[in-house]
Amino acid sequence: MTAEAIHLEEQVARFKERVQGLLPDGGNLDMCLTCGTCSGGCPASGLEGMDPRKFLRMVALGLDEEVLSTPWVWMCTQCERCMHACPMKINIPRLVYEARSNWPRDQRPRGIRESCDFHVQRGGAMGIPKEDWIFVVEDVLEEVRQNQPGWEKLQAPIDKKGTGYYLNQNSREPVTEPEEMVPLWKILHLAGVDWTYSSEMWGGENYCMFLGDDDAWAKIVATQSRIIDDLGCHTFIETE
Ligand code: SF4
Ligand code: SF4
């Protein structure tokens with residue numbers, strides 16, 4: 001019995017060409033040494049039978065259908081550990097991001113999609129109304145001032161103009177563990193930093209990036225930038 005030859009050159013690597021066109025120096029995608037260092041430290045290695053080295057090989061070989069359909073891309077944390085460990089500095093997370101962007105939006109993971117949509121619509125990924133965000137901050141602040149000696153003058157302002165420093169906030173904390181907001185307030189207080197939250201687009205994370213949704217990602221960043229300018233802040237403290 002004779003084995004059939006596999007004609008890899010017949011594969012058309014359109015995905016690879018597209019990503020190469022987006023990255024400086026083409027993202028070094030053709031320079032892989034197949035050493036496997038990227039896979040060694042990847043938290044998503046082995047899931048769905050995939051790892052970053054294998055994913056990159058599939059991209060390089062033009063297996064676009066497999067690359068663009070594997071659910072493994074949603075298991076990558078975008079931590080960039082693979083890229084930093086890679087001797088050729090190959091940008092695998094960007095490959096993963098581009099593969100995610102190719103999925104029909106309604107087929108992307110619902111949890112990430114809803115967090116992105118909530119953030120765009122309501123300013124935070126948990127979807128709480130603006131009034132609840134303001135209430136929680138004021139309520140927690142009052143609780144600390146009244147019950148923790150030495151912190152009677154603690155501040156947690158919202159929409160205060162001219163403070164210099166703008167602080168955003170992980171969206172989950174005011175909903176599930178509001179007391180976790182307080183340590184940073186105290187650090188800023190002790191450091192003498194004049195800061196403010198905003199009532200609008202206050203969430204610190206950006207699930208739209210994880211969703212591979214460029215437009216929504218940009219909208220969050222642009223809105224936050226506009227708010228920071230309107231408040232007259234010179235420094236953005238990004239907590240995520
Ligand atoms: S670490 Fe870099 S060179 Fe090594 S297999 Fe991974 S992508 Fe290729
Ligand atoms: S960025 Fe993704 S592929 Fe790279 S190490 Fe992190 S989880 Fe793995």
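A pocket is an open set of points on a 1 Å grid over the protein atoms alone, with protein on both sides within 12 Å along at least five of seven lines, while a cavity is a set of points where a 1.4 Å probe fits but cannot get out; lining residues have an atom within 4 Å of a point. The largest pocket is lined by G203, G204, E205, N206, W217, I220, V221, Q224, S225, F236, E238 and E240. Helix α12 (residues 214-231) gives the most to this lining, with 5 residues. Helices (H or I, at least four residues) and strands (E, at least two) are DSSP runs, numbered from the N terminus.

This is a predicted model, where local features need pLDDT of at least 70, side-chain atom pairs count only at pLDDT 80 or more, and totals for chains, interfaces and linings use all residues. Residues are numbered from 1 along each chain as its sequence is written, chains are lettered from A and ligands numbered from 1 in the order in which they are written, and side-chain values use heavy atoms, with hydrogens and water left out.

The second largest pocket is lined by L23, Q78, E80, N91, P93, R94, Y97, M209 and W217. Here helix α6 (residues 92-102) has the largest share, 3 residues. Ala, Val, Leu, Ile, Met, Phe, Trp, Tyr, Cys and Pro count as nonpolar, Asp, Glu, Lys and Arg as charged, and the others, Gly among them, as polar.

| Pocket | Volume | Lining by class |
|---|---|---|
| Largest pocket | about 200 Å³ | 4 nonpolar, 5 polar and 3 charged residues |
| Second largest pocket | about 160 Å³ | 5 nonpolar, 2 polar and 2 charged residues |

Now to the ligands. Which residues are around ligand 2? They are C42, P43, P52, W72, C76, T77, Q78, C79, E80, R81, C82 and P93, near meaning that a heavy atom lies within 4 Å. Ligand 2 sits in the largest cavity, that is, more than half of its atoms lie within 2 Å of the grid points. Ligand 1 sits in the second largest cavity and is surrounded by 13 residues, the closest being C32, C35, G36, C38 and C86.

Finally, the whole chain has 12 helices and 3 strands. Its radius of gyration, 23 Å, is well over the 18 Å that the globule rule gives for 240 residues, so the chain is more spread out than a compact globule. That radius is taken over C-alpha atoms, and the rule is 2.2 Å times the number of residues to the power 0.38.

Notes:
Points joined across faces, edges and corners; volume = space filled by probe spheres on them.
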